[in-house]
Amino acid sequence: MVKRVPRRVPLTFTGRTLVMAGMPGPHDIGGKKFGGGGQGGGGKTTGAVPRGEHVFAAWEKRADAINRLIGGGGKQFYILDEMRRTIESLSPKDYFSLSYYERWIRALEMLLVEKGVLTRAEIDGRLAALRQG
Amino acid sequence: MAHDHEHTPTEDGDHPPTEYELLERALRELLIEKGVFTAEDVRRTIDDWDTRTPANGGKVVARAWTDPEYKARLLSDSKAAIEELGFDVGPAPQIVVLENTPRRHHVVVCTLCSCYPRTLLGLPPDWYKSKEYRSRVVVEPRAVLKEFGTEVPDDVEIKVVDSTADLRYLVLPERPAGTEGLSEDELAALVTRDCMVGVTNANPPG
Amino acid sequence: MADAEVAYGFAPGQRVRVKTGDPPGHIRTPTYLRGKEGVIEDRQGIYRNPEELAFGKPGLPKKPLYLVRFRQQDVWRDYSGPGTDTLSADIYEHWLEAI
């Protein structure tokens, strides 16, 4: 299924503000219920575990490789705990609507800017050029 | 315009790239241009990680089933015993093996993210990372296991292990009945990824 | 600064309660276990504090980590499985108190 190109998720620090303000991050989900609709007395039941086997897209394998090359096992621009913290700082909307590797690549982007490895201007400039094809 | 930094044999298909695929490419190109790594580094890393599969875990399990002294070493210092078989699982995170018995059945989860013994088994399946699995297996493990076709009798303890820190857990499933004559390779073939997470048992022979 | 020798405060078999609270930042103690009572199952090593590592701090002094075992009935009010079912998680010492 072709994914519609989504509106660019803006880089804001709202998520991190939430993290620092003491609200639990969206990731802390052991025992939480995810309801389908709001009908009938609010009985939320999370659905069955989705079982489709995911064939890794090439970009996802590359995202994984990039993380290994520049993270804790490689150049150590950041370590795993910082990566987790960054993913946890995503808004609940982003956390649950992005796929696993979409969250990772967003977090990679945020960390690279945070650590001063790349600038927003550089990233946005390259994205603009790539979009033009 | 820009020369092709990357030509992998597995390109992403015929759809227009999503914003996230473009982002991966933008970051990769910029990091290569800055000399942080090369395209060859990326390919080499992917190739290395392609060698890490559940089959590795299957060999460890099969050896433990056939060699009681190995099994004892595996349970007391899992990392060292795994490395005995030639697997490089790195200094961290630690891998710890949990033994299923007729009295106790383990199932592993990472409710907070997706911790998984990747250095041995490779990348985890989508279902392991899903909000459904992460949220439900801690509170209703028997119902979740039933979805995987696994019924655990009430007199067998189900022990859920939530990997919340730097240890990664690998389940050593029970050896199936009727496998007495099988070779180690034949036994390893009965071991699936799912039984090393604990949502299933190992496959029966034949 | 050299790592000081950090000693374990709890021993296997000891009953403990997970502290409550919702401090800001990166916490590896799941909400569903906060306030719950369990037993130290194993000593799991001494590690730099991930709550501080997550923000680029050194995470010293190191903290002891424990595998803590809970009866599922003590974790979930309406646990539907047998009373012998358990759940274990790796919890840092500063999140535990003796009971």
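Among contacts in chain B between residues at least 6 apart in sequence, what percentage join residues at least 24 apart? The figure is 69%, where two residues are in contact if their C-beta atoms, placed from the backbone, lie within 7 Å. The model is predicted: local features need pLDDT of at least 70, side-chain atom pairs count only at pLDDT 80 or more, and totals for chains, interfaces and linings use all residues. Residues are numbered from 1 along each chain as its sequence is written, while chains are lettered from A and ligands numbered from 1 in the order in which they are written.

Chain B holds 11 helices and 4 strands. Helices (H or I, at least four residues) and strands (E, at least two) are DSSP runs, numbered from the N terminus. The C-alpha trace of chain B spans about 65 × 35 × 35 Å along its principal axes. Of the 206 residues in chain B, 44% are buried. A buried residue has 20 or more other C-beta atoms within 10 Å of its own, with C-beta atoms placed from the backbone.

Strand β2(B) covers residues 104–109. It is largely enclosed by the rest of the structure, because 5 of its 6 residues are buried. Strand β3(B), residues 157–162, runs parallel to β2(B), and 6 bridges join the two. Strands pair if DSSP finds at least two bridges between them. B:His105 has B:Ile158 as its bridge partner in β3(B).

The contact between the chains takes 50 residues from chain A and 46 residues from chain B. On the side of chain A that touches chain B, α2(A) gives the most, with 11 residues.

Notes: Buried ≥ 20, exposed ≤ 12 C-beta atoms within 10 Å, placed from the backbone.
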